[in-house]
Amino acid sequence: MVNSGPAGKGGRNINWMERVERFWRKIFEGLFRGGEGPSLQPVEIAKKLLKTMQSRRTISVSRIYVPNVYTVYLSPKDFENLAPFEKSLCQELAQYLSQKAQDQRFSMVGPVRVSMELEEELPPGEVRIYARMEEAAEPESAGDWEDHTVMYAKEESLGGRRPS
């Protein structure tokens with residue numbers, strides 16, 4: 001479950017405030033970016049990924065978990081500009097998120113993966129990020145215990161006697 005703030009009315013207020021903040025940020029970014037401004041830069045994607053990681057944290061008993069799998073949705077123009085080095089960029093962004101998680105003592109349930117997808121409806125300069133937790137796959141071989149099941153029966157009371 002994603003922790004988006006305190007439960008109850010306070011949590012709703014934070015969610016509402018986040019939506020208002022996003023609304024105004026989009027308006028101001030749109031005003032200053034213009035229709036045909038400079039293309040989306042990788043550093044902008046990195047900042048948005050970090051913000052997503054921090055906002056999607058889940059607090060446990062002894063750890064703070066954050067997503068480890070991120071899909072970045074880009075406009076056709078931005079996707080076209082970043083496609084020539086997509087693999088390298090995704091690796092760099094994954095390393096960046098991994099380092100930031102380590103710096104902030106966040107835990108991840110598996111290795112960080114970043115991928116990019118095209119979203120036709122997005123205007124240039126806008127990014128949509130989908131983040132989730134995905135546990136690392138179990139190793140192929142678990143040694144001698146792989147195909148064994150061990151069952152323990154409930155101990156019966158022996159009335160103070162030792163089993164023979």
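Contact, throughout this passage, means that heavy atoms lie within 4.5 Å. The structure is a predicted model, in which local features need pLDDT of at least 70 and side-chain atom pairs count only at pLDDT 80 or more, whereas totals for chains, interfaces and linings use all residues. Residues are numbered from 1 along each chain as its sequence is written, and side-chain values use heavy atoms, with hydrogens and water left out.

The protein has four helices and five strands, and along the sequence these follow the pattern α-α-β-β-β-α-α-β-β. Helices (H or I, at least four residues) and strands (E, at least two) are DSSP runs that are numbered from the N terminus. Of the 164 residues of the protein, 23% count as buried, where buried means under 20% relative accessible area, exposed means over 50%, and partly exposed lies in between (1.4 Å probe, protein chains only). The protein exposes about 12,500 Å², of which carbon and sulfur atoms supply 53%; accessible areas come from the Shrake-Rupley method with a 1.4 Å probe, and for residues only the protein chains shown count as cover. Among contacts between residues at least 6 apart in sequence, 81% join residues at least 24 apart.

Helix H2 (residues 42-55) has 14 residues, which at 1.5 Å a residue should span 20 Å, and its end C-alpha atoms are 20 Å apart, in agreement with that value. The expected span of a helix is here 1.5 Å times one less than its number of residues. The buried residues of H2 are Ile45, Ala46, Leu49, Leu50, Thr52 and Met53. Because they cover an arc of only 160° around the axis, they are on the same side of H2, the arc being that of the directions from the helix axis to the C-beta atoms. An α-helix has 3.6 residues a turn, so residues three or four places apart point the same way. On the other side of H2, Val43 and Lys47 are exposed. The buried residues of H2 pack against strand S3 (69-74), helix H3 (76-82), helix H4 (86-103), strand S4 (113-118) and strand S5 (127-132).

Helix H4 has 18 residues and reaches 25 Å from its first C-alpha to its last, close to the 26 Å expected at 1.5 Å a residue. In H4, the residues Leu89, Cys90, Leu93, Ala94, Leu97 and Ala101 are buried. They cover an arc of only 135° around the axis, and therefore lie on the same side of H4. Glu92, Gln95 and Gln102, on the other side of H4, are exposed. The cover over the buried residues of H4 includes H2, S3, H3 and S4.

The largest nonpolar core has 23 residues, and those with the most contacts inside it are Ile45 and Val114. Two or more residues are given to this core by each of H2, S3, H4, S4 and S5, and the largest share, six residues, comes from H4. A nonpolar core is a set of buried Ala, Val, Leu, Ile, Met, Phe, Trp, Tyr and Cys residues joined through side-chain atoms within 4.5 Å. In soluble globular proteins, nonpolar side chains tend to be buried together. Not counting residues up to four places away in sequence, Val114 touches Leu49, Tyr70, Val72, Cys90, Leu93, Ala94 and Leu97.

Cys90 is buried, with a relative accessible area of 7%, and its C-alpha lies 9.5 Å from that of Val72, a residue 18 places apart from Cys90 in sequence. Ala101 is buried as well, with a relative accessible area of 2%, and touches Met53, Val66, Phe106 and Met108, not counting residues up to four places away in sequence. The C-alpha atoms of Ala101 and Gln54, which are 47 residues apart along the chain, are separated by 8.8 Å.

The loops contain two further residues of note. Asn68, in the loop between strand S2 (64-65) and S3, counts as buried because its relative accessibility is 0%. A polar atom of the Asn68 side chain lies 3.1 Å from the backbone oxygen of Pro111. Leaving aside neighbours within four places in sequence, the contacts of Asn68 include Met108, Val109, Gly110, Arg132 and Glu134. Arg105, by contrast, is in the loop between H4 and S4 and counts as exposed, at 74% relative accessibility. Just after H4, Arg105 takes a positive phi of about 60°, in a residue other than glycine.

Conventions: Polar contact = N/O pair within 3.5 Å; in protein donor to acceptor, adjacent residues only side chain to side chain.
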